[in-house]
Amino acid sequence: MSFEIFVCRFENGDPASLDMGAAHEILGPHVVARDPEIGFLQVSTADGEEAGVYLNDPTGITFNRFGGGGVMDLLADLLRRLDAVLIVPGGPTMIRRDEDHASLPAALRDEWPVVVARTGAEIDRAIRAA
């Protein structure tokens, strides 16, 4: 897919920092290229699925040009480890637990669909349904 999706974390409706050390631990084994000046990582899964990843310290991670179950599983791991949500512009915001709904900014809660997605397969289904 060629659009961008965003891994973010919120507390009481406000952006919160992501644990970028944990993000590097999760993404590190999959990195095949990097440009530290712009915070870019090219990741590839065991099945050869790729994604461009931008680490927007400290409050966001952007994925683009992504696809495949391996990348979706990687996203699910990130969301779980970082206690984060996935924002799909023009589509749903994905949370891991129903109670995460309350931490979202009002615009995300009230203006866009919010769905629970815990696995890579659930994330993939929610994106495709948008």
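This report walks through the overall build of a predicted protein model and then looks at one pair of its helices.

## The parts list

Let's start with the secondary structure. The protein contains four helices and nine strands. If you follow the chain along its sequence, these elements come in the order β-β-α-β-β-β-β-α-β-β-α-β-α.

## Overall size and packing

Along its principal axes, the C-alpha trace spans about 40 × 30 × 20 Å. The radius of gyration of the protein is 14 Å, which agrees with the value near 14 Å that a compact globule of 130 residues would have.

What share of the residues count as buried? Of the 130 residues, 48% do.

## A closer look at α1 and α2

Now find helix α1, residues 20-27, and helix α2, residues 69-82. Their axes lie 10 Å apart, and the two helices pack at an angle of about 155 degrees. An angle over 145 degrees counts as roughly antiparallel, so that is how α1 and α2 run relative to each other. The crossing of α1 past α2 is right-handed.

Which residues meet where these helices touch? From α1 come A22, A23, E25, I26 and L27, and they meet L74, D77, L78, R81 and L82 of α2.

Conventions:
Residues numbered from 1 in each chain as written. Predicted model: local features only at pLDDT ≥ 70, side-chain atom pairs only at ≥ 80, totals over all residues. Heavy atoms only, no water. Axes fitted to C-alpha atoms, helices over the stretch in contact; angles between N-to-C directions. Parallel < 35°, antiparallel > 145°, perpendicular 65-115°, else oblique. Left-handed = near helix turned anticlockwise from the far one by under 90°. Contact = heavy atoms within 4.5 Å. Rg over C-alpha atoms; globule rule 2.2 N^0.38 Å. Buried < 20%, exposed > 50% of the residue type's maximum accessible area, 1.4 Å probe, protein only.
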